[in-house]
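User: I'm new to this structure and would like to learn how to read it. Could you walk me through it, one feature at a time?

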Amino acid sequence: MTFGQDMWTWGYKVADHETGHTFGLPDLYAFNGDLDQYVGGWDLMGRISGPAPSYFGWEAWKFG
């Protein structure tokens, strides 16, 4: 996988987000309109710069 300029902006969170995709997690942000309409910054698969950029409980459960 490649990170482009995102790695300079978001740091390790980009690797965590992209690794989530490797384990089957979908993006939880909208691709048009209000990008934060689903989970906002409360999940790492949503807005990465949010106040709680970690995985939701069901995602952590899925990881074991």
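Analyst: We'll go from the overall fold to a few individual residues. Keep in mind that this is a predicted model: local features need pLDDT of at least 70, side-chain atom pairs count only at pLDDT 80 or more, and totals for chains, interfaces and linings use all residues. Residues are numbered from 1 along each chain as its sequence is written, and side-chain values use heavy atoms, with hydrogens and water left out.

User: Okay, how many helices and strands are there in the protein chain?

Analyst: Helices (H or I, at least four residues) and strands (E, at least two) are DSSP runs, numbered from the N terminus. Here the protein chain has three helices and zero strands, giving the pattern α-α-α along the sequence. The radius of gyration is taken over C-alpha atoms, and the globule rule is 2.2 Å times the number of residues to the power 0.38. For this chain the radius is 11 Å, close to the 11 Å that the rule gives for 64 residues, so the chain is as compact as a globular protein of that length. Its C-alpha atoms fill a box of roughly 30 × 25 × 20 Å along the principal axes.

User: What share of the residues count as buried?

Analyst: Buried means under 20% relative accessible area, exposed over 50%, and partly exposed in between (1.4 Å probe, protein chains only). Of the 64 residues in the protein chain, 25% count as buried. Threonine 9, in helix H1 (residues 6-10), is exposed, with a relative accessible area of 54%.

User: Which side chains meet in a salt bridge?

Analyst: A salt bridge is a side-chain nitrogen of Lys or Arg within 4 Å of a carboxyl oxygen of Asp or Glu. That rule gives a count of one: arginine 47 pairs with aspartate 36, at 3.1 Å from N to O. Both sit in the loop between helix H2 (12-22) and helix H3 (57-63), so the pair ties together parts that are 11 residues apart in sequence. Arginine 47 is partly exposed at 33% relative accessibility, and aspartate 36 is partly exposed too, at 31%.

User: What about glutamate 59: is it buried or exposed?

Analyst: Glutamate 59 is buried, yet has no salt bridge. For charges, Lys and Arg count as positive and Asp and Glu as negative, while His and the chain ends are not counted. On that basis the nearest side chain of opposite charge is lysine 62, 8.5 Å away. Glutamate 59 lies in helix H3, and a polar atom of its side chain is 2.9 Å from the backbone nitrogen of phenylalanine 56.

User: And which side chain does histidine 17 make a polar contact with?

Analyst: A polar contact is a pair of N or O atoms within 3.5 Å; within protein, one must be able to donate a hydrogen and the other to accept it, and residues adjacent in sequence count only if both atoms are side-chain atoms. The partner of histidine 17 is the side chain of aspartate 27, at 2.9 Å. Histidine 17 lies in helix H2 and is buried, with a relative accessible area of 8%.

User: Last one: what is valine 39 in contact with?

Analyst: Contact means heavy atoms within 4.5 Å. Leaving aside neighbours within four places in sequence, valine 39 is in contact with Leu28, Gly46 and Phe56. Valine 39 lies in the loop between H2 and H3 and is buried, with a relative accessible area of 16%.
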